[in-house]
Amino acid sequence: MADVLLFIVLPYVAISLAIFGGIYRYFNDRFSFSSLSSQLLEHRLLFWGIVPWHYGIVPVLLAHLLAIIFPNWWGVLLGGRDRLTALELVGMALGLLALIGIVILFVRRLVNARVRSVTSVMDWLLLLFLLLQVSLGAYIALTFRWGSLWYLHTAVPWLRSLTFFHPDAAPVLTLPLAVRIHMINAFVIILLFPFTRLVHIFTFPARYIARPWQLIWWRRQ
Amino acid sequence: MKIRAQTAMVFHLDKCIGCHTCSIACKNIWTDRHGTEYMWWNNVETKPGTGYPTLWEDQGKYQGGWERRDKSVGLRLHSRGEGLANIFYNPSLPSLDDYYEPWSYRYSELTNAPAGDDQPVARPISMITGKEMSIEAGPNWDDDLGGSRIYAAGDFNLAVLTDEERQQLFLLERLVFFHLPRICNHCLNPGCVAACPTGAIYKRGEDGIVLVSQEKCRAWRMCVSGCPYKKVYFNWKTGKSEKCILCYPRQETCQAPACFHSCVGRIRYLGTLLYDADGIEQCASVPDHELVEAQRGLILDPSDPQICQKAQDDGIHESIIEAARKSPVYRFVKEWRLALPLHPEARTIPMLYYVPPLLPVAATMEEGKYELGSDLFVDQATGRLPLRYFAALFAAGNEEPVRAVYRKLLAVRLLRRRETVGDIPEEVVQRILNESGSTSQEAEAIYRMTSLATFAERHVIPPFMREMAIEATTDPFERKESAGFGLSRPPKRGW
Ligand code: SF4
Ligand code: SF4
């Protein structure tokens with residue numbers, strides 16, 4: 001029963017809330033639809049935290065996603081032993097980078113009075129969950145070898161079953177506790193998405209690459 | 001050619017008394033909110049001095065404005081790719097300490113102090129953390145040369161002077177300073193707009209006022225660095241960039257912007273300029289010494305019938321062209337060639353022009369007689385601040401346009417002195433007028449606009465006809481209530 005709740009109900013609830021909550025917030029509170037930069041208030045620690053964090057977590061997250069979307073392709077990619085080793089190493093390095101980053105960011109918010117004064121309850125919650133998530137991720141990567149491979153046969157089938165509305169949690173129920181917490185926590189973070197600054201993920205201004213330098217707006221007639 | 005209209009400004013520095021009334025007028029209306037305490041959309045700095053934020057002119061540090069590259073210009077801050085790669089951390093952002101930490105006082109300590117022998121003191125409290133703090137900097141920390149050994153000596157523009165000249169500046173009997181009020185220049189080629197990855201900053205088509213859309217801004221804070229004048233500020237509370245809005249809500253109801261309206265020295269002029277929008281890139285790309293002339297060249301004559309016709313074809317309303325004809329800014333910048341752009345080498349083509357101060361009132365007392373020499377400023381030997389200093393400020397290092405301005409300003413002064421005091425021979429005045437390329441009629445007109453112009457002559461606010469544009473989409477009465485800052489809900493972040 002608990003398994004159904006945690007591995008089937010929670011994901012559906014989290015994702016629906018993220019989608020509908022995100023859309024609702026975008027249309028009803030666009031003003032806050034971003035991260036709240038605190039670089040003005042403190043920049044030295046920020047640099048050592050935020051740069052490793054983003055450059056670590058973004059590729060790792062993308063790798064998680066790619067494996068779900070293209071499992072076959074991912075399997076082929078990991079086919080050779082060398083390639084598997086290389087990928088694991090890169091993944092581990094990026095994961096550690098992200099871990100170092102988030103720890104620095106966490107400490108920064110704790111010790112710097114200026115930054116503390118612009119930190120909301122939701123920011124603290126999110127930071128805690130992210131810290132837990134990345135620590136677990138790094139721990140799993142270091143202790144349960146070849147995660148990029150077994151991920152394909154455990155989490156991926158489960159996540160795909162959820163995606164295609166034939167929910168089946170069986171492939172993941174026997175995994176070690178740390179891995180299961182990592183999975184549940186992932187959905188907790190997704191659940192938090194529309195209520196936190198995480199929404200900034202979807203504000204990445206890729207259009208900048210192609211827009212004209214100068215913008216002129218004429219009033220609407 | 002594509003003609004557009006721009007609301008432009010002139011500040012006459014000889015008239016600024018450094019009273020900061022402008023700054024306070026602005027602060028009371030626009031930046032009296034939490035998160036904006038440290039912002040001064042209008043600030044008045046003492047020159048020589050390091051300014052606010054400290055050393056803002058040092059583009060090596062802050063990377064503002066444009067750089068000449070081959071035949072065009074590129075943002076100094078970043079290429080598009082770099083901009084996106086640096087989006088998590090902007091390496092050229094000023095920190096709060098480059099401005100100052102805003103504070104208030106715990107006034108209750110005064111009223112609640114127990115009776116005693118000592119005078120009670122109210123302690124300073126940070127307006128960010130709410131904790132006690134020690135005050136180490138402020139928005140005009142070096143006002144009137146306060147701490148000049150540190151601040152004035154650190155003025156970025158002094159680099160063009162020789163060691164000896166610099167030493168002389170700080171001799172007690174030669175001490176000299178002037179005030180430099182600064183607001184956003186509402187540039188034609190704004191660095192802030194170009195630097196914003198989201199595209200949240202824009203120039204209004206009708207009058208060229210540069211605004212940050214508070215709904216669109218996503219806190220990437222690149223604009224703060226992109227502006228070479230550091231006139232975009234980041235609101236740390238709302239996570240939005242904010243800047244001078246040239247009081248557009250006031251202008252739309254035919255009132256002058258607050259800093260203009262309240263200016264005690266009446267140094268400020270506001271008016272419309274017509275310019276050729278197709279010439280912007282070309283104008284921004286010329287070598288340094290041609291910049292002043294190129295920027296003047298961009299401005300078109302609103303009395304020329306051909307220009308008027310083309311302007312109308314380009315959709316500029318007749319009433320705006322009419323306003324451009326009456327514009328005092330056109331007089332100062334184009335006709336009289338007296339007003340110069342601040343740091344044109346940043347190539348944003350600023351639309352706030354300055355009449356440089358004739359400050360070295362170069363009169364001397366000789367044998368008890370007040371002597372106003374005749375060849376002053378022709379070689380600037382008697383000037384207290386070398387011409388090169390002003391050239392570094394207002395002409396990208398080119399002394400020629402600055403010298404021309406001073407010649408003319410002096411000619412006006414001598415002409416008036418002859419008329420009011422009568423101690424200067426007619427020939428001297430005539431010779432100086434000729435040398436400066438002016439006439440007595442022009443000098444008289446300059447004098448009138450400088451000293452006697454009425455409020456309405458100094459501020460020719462173009463008609464916006466906002467009511468017509470708005471009726472189509474919104475009930476004007478409803479709009480009226482929400483027009484203020486452009487936000488119709490409180491600027492709060494829920495999470
Ligand atoms: S002065 Fe104003 S318009 Fe020009 S770059 Fe700076 S903020 Fe933008
Ligand atoms: S109000 Fe006018 S005179 Fe006073 S400091 Fe401002 S610009 Fe100068």
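**View 1. The shell around ligand 2.** Ligand 2 is surrounded by 14 residues, the closest being B:Cys16, B:Cys19, B:His20, B:Cys22 and B:Cys263, where a residue is near a molecule if one of its heavy atoms lies within 4 Å of it. The shell around ligand 2 divides into nine nonpolar residues, four polar and one charged, with Ala, Val, Leu, Ile, Met, Phe, Trp, Tyr, Cys and Pro counted as nonpolar, Asp, Glu, Lys and Arg as charged, and the others, Gly among them, as polar. This is a predicted model, in which local features need pLDDT of at least 70 and side-chain atom pairs count only at pLDDT 80 or more, while totals for chains, interfaces and linings use all residues. Residues are numbered from 1 along each chain as its sequence is written, chains are lettered from A and ligands numbered from 1 in the order in which they are written, and side-chain values use heavy atoms, with hydrogens and water left out.

**View 2. The surroundings of B:His186.** B:His186 lies in the loop between strand E7 (178-182) and helix H7 (191-195) of chain B; helices (H or I, at least four residues) and strands (E, at least two) are DSSP runs, numbered from the N terminus. B:His186 counts as buried because its relative accessibility is 0%, given that buried means under 20% relative accessible area, exposed over 50% and partly exposed in between (1.4 Å probe, protein chains only). Leaving aside residues up to four places away in sequence, B:His186 touches, among others, B:Gln6, B:Met9, B:Lys203, B:Cys244 and B:Met351, contact meaning heavy atoms within 4.5 Å.

**View 3. The salt bridge between B:Glu165 and B:Arg388.** The closest N and O atoms of B:Glu165 and B:Arg388 are 2.8 Å apart, a salt bridge being a side-chain nitrogen of Lys or Arg within 4 Å of a carboxyl oxygen of Asp or Glu. The pair links distant parts of the chain, with B:Glu165 in helix H6 (residues 163-169) and B:Arg388 in helix H16 (residues 387-394) of chain B, 223 residues apart.

**View 4. The salt bridge between B:Glu252 and B:Arg204.** Here the closest N and O atoms are 2.8 Å apart, and the pair links distant parts of the chain, B:Glu252 being in the loop between helix H9 (248-251) and helix H10 (258-262) and B:Arg204 in strand E8 (residues 201-204) of chain B. Both B:Glu252 and B:Arg204 are buried.

View 5. B:Arg416 is buried, with a relative accessible area of 17%, whereas B:Glu419 is partly exposed at 48%.
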